[in-house]
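Take this tour with the model open in your viewer. Each stop tells you what to select and what is there.

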Amino acid sequence: MNAFDKNAGLVIDDAQLLADEAKYSSFGDTVHYVDPPKIFRTCNGSYMYDTAGTPFLDLQMWYSAVNFGYANQRLNNVLKNQIDLLPQVASQYLHQTRIELAKTIALDAKKKFGLDGRVHFNVGGAQAIEDSLKLVRNFKNGKSLMFAFEGGYHGRTLGASSITSSYRYRRRFGHFGERAMFLPFPYPFRRPKGMTAEEYSENCVNQFARLFETEYNGVWDPKTGQCEYAAFYVEPIQGTGGYVVPPMGFFKGLKKVLDQYGILMVVDEIQMGFWRTGKLWSIEHFGVVPDAVVFGKALTNGLNPLSGLWAREEMINPTIFPPGSTHSTFNSNPLGTSLGLEVMKMGYELDYETSVPKKGAHFLEGLKDLQKKHKEIGDVDGLGLALRAEICTDDGFTPNKALLDRMVDIGLAGDLEHNGKKIGLVLDVGGWYKNVITFAPSLEITHEEIDLAIALLDQLITKAKRSM
């Protein structure tokens, strides 16, 4: 890249940028996967490009925020047009796409869940989780304790950290007296020996139900019919936890217990929403009706921050949740809502409910072929284009974080080969043991690009094993 590009302005070289970052940037808001961190300059479709112009096939797309591909022209044009029309407006005033987007999501929920409801906007996933906590606590007369899952992730603000299972996100910030009670999530690959995945799933539900057997189990007062806990926060498919897909009957069993004892189900779709799994919401696969749905990330394809929640009418109508209950200066910003409305239109027009499962099946088939070649791939699974490959030692089960770390290093070095040219691979690391590749490619990825991804993964794991 030239030192000066007339379209981009002065281009500072990578070495100087890294030196400046080391001196002037807080490291508190980021985690660098490699040392030194990778700098990218441009992007398009499923690819990012570094300073040398090397293409990197991105198989994680901002943790599923850029579901519709980099530089998606349809969405980019909406953003450009909105900048010239109404780029910003104070949040106490209204504008058309805010109302249209809320209506679109609410009517979609009515069709799928059979419930009237309303939509509340914010700017980031964790902020929308915070709003949902206020909504729940208000509806449940101030009850502030929640259930959540081991392996779950809901954000790193203070409230979201209290329902995220990882202690490392809370450790340095004082005592969290209202931290959630964390229950086991059915993790089929690491289920107890002697159990089928379905039996393990039922066992997890039974462990939860046991809490209500008597008052001495700790959460239930049978004399008043009152539970100490207000809601259960769930990710239908665990995101940061490793794209763990539970057995299909799990949430029906869980919801039966929740309904029996008057506990709300709040579904976190921040990472799995907007057709990542082949449905607008991943909870649709499991045949249950949530009380609230929290969303973000891909709503604007990463172009302008917007998040929100849908909740049933009883919880969010203006009488029970009046004006001023929560607020963000930038919520329902017109740049974001115009993009979100276009994303909703585009998703149904392009029929992602048909194309994503087909692409996901093709990708999963390729991963299974890789698994046959490399005994270090202990598990592959997925739903739609939310896929996983668990990297293990040669016993096919023991977590092998070191091997995956090496794979990430090689992928971001950009030294793989395709058609005689250098190419890189962008992967995401997740899982309980940080040994899982969590795949979230663009929903616009082609079958040819999927085949390329499998070929590059084959190169990558082969190189990584040789270098260990």
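This is a predicted model: local features need pLDDT of at least 70, side-chain atom pairs count only at pLDDT 80 or more; totals for chains, interfaces and linings use all residues.

Residues are numbered from 1 along each chain as its sequence is written, and side-chain values use heavy atoms, with hydrogens and water left out.

**Stop 1**

Show strand 3 and strand 4. They pair in the antiparallel sense over four bridges. Strands here are DSSP runs (E, at least two residues), helices are DSSP runs too (H or I, at least four residues), and both are numbered from the N terminus. Two strands count as paired if DSSP finds at least two bridges between them.

Now pick Gly 45. It sits in the turn of the hairpin formed by strand 3 and strand 4, has a positive phi of about 60°, and the hairpin has two residues between the strands.

Move on to strand 4 (residues 47-50) and strand 5 (residues 55-58). They run antiparallel and are joined by three bridges. Select Tyr 47 and find its bridge partner in strand 5, Leu 57. Then take Met 48, whose bridge partner in strand 5 is Phe 56. The hairpin of strand 4 and strand 5 has four residues between the strands, and Gly 53 there takes a positive phi near 85°.

**Stop 2**

Five strands form an open sheet in the order 3-4-5-18-17, with mixed pairing. Strand 3 (40-44) and strand 17 (416-418) each have a single partner strand, so one side of each is left without a neighbour in the sheet. Neighbouring strands of this sheet are turned by 40° against each other on average, direction ignored. Angles are taken between N-to-C directions and run from 0 to 180 degrees; axes are lines fitted to C-alpha atoms, for helices over the stretch in contact.

Contact means heavy atoms within 4.5 Å.

**Stop 3**

Which order do the strands of the seven-stranded open sheet have? The order is 6-14-13-12-11-7-8, and the pairing is mixed. From one strand to the next, the twist averages 20°.

Zoom in on strand 11 (residues 229-234) and strand 12. They pair in the parallel sense over four bridges. Val 234 has Val 267, in strand 12, as its bridge partner. Helix 8 packs on this sheet, touching strand 7 (145-149), strand 11 and strand 12, and its direction makes about 145° with that of strand 12.

**Stop 4: aromatic rings**

Show the aromatic side chains. The whole structure holds 29 aromatic pairs. Rings of Phe, Tyr and Trp (its six-membered ring) pair if their centres lie within 6.5 Å; planes under 30 degrees apart count as stacked, over 60 as edge-to-face and the rest as tilted.

Select Phe 113 and Trp 310. This pair is tilted, at 5.7 Å centre to centre and 45° between the planes. Phe 113 lies in helix 4 (residues 96-113) and Trp 310 in strand 14 (residues 307-312), so the pair ties together parts that are 197 residues apart in sequence. Phe 113 is buried at 9% relative accessibility, and Trp 310 is buried at 1%. Buried means under 20% relative accessible area, exposed over 50%, and partly exposed in between (1.4 Å probe, protein chains only).

Next, Phe 251 and Phe 286. Their ring centres are 5.2 Å apart and their planes at 75°, so the pair is edge-to-face. Phe 251 lies in helix 8 (residues 250-260) and Phe 286 in the loop between strand 12 (264-268) and strand 13 (292-295), so parts 35 residues apart in sequence are tied together. Phe 251 is buried at 0%; Phe 286 is buried at 1%. Both belong to one aromatic cluster, whose members include Phe 147, Trp 220, Tyr 229 and Tyr 261.

**Stop 5: cysteines**

Last, select the cysteines. The structure holds zero disulfides (pairs of cysteine sulfur atoms within 2.5 Å). For Cys 392, the nearest cysteine sulfur is that of Cys 204, 20 Å away. Cys 392 is buried at 0% relative accessibility, while Cys 43 is partly exposed at 35%.
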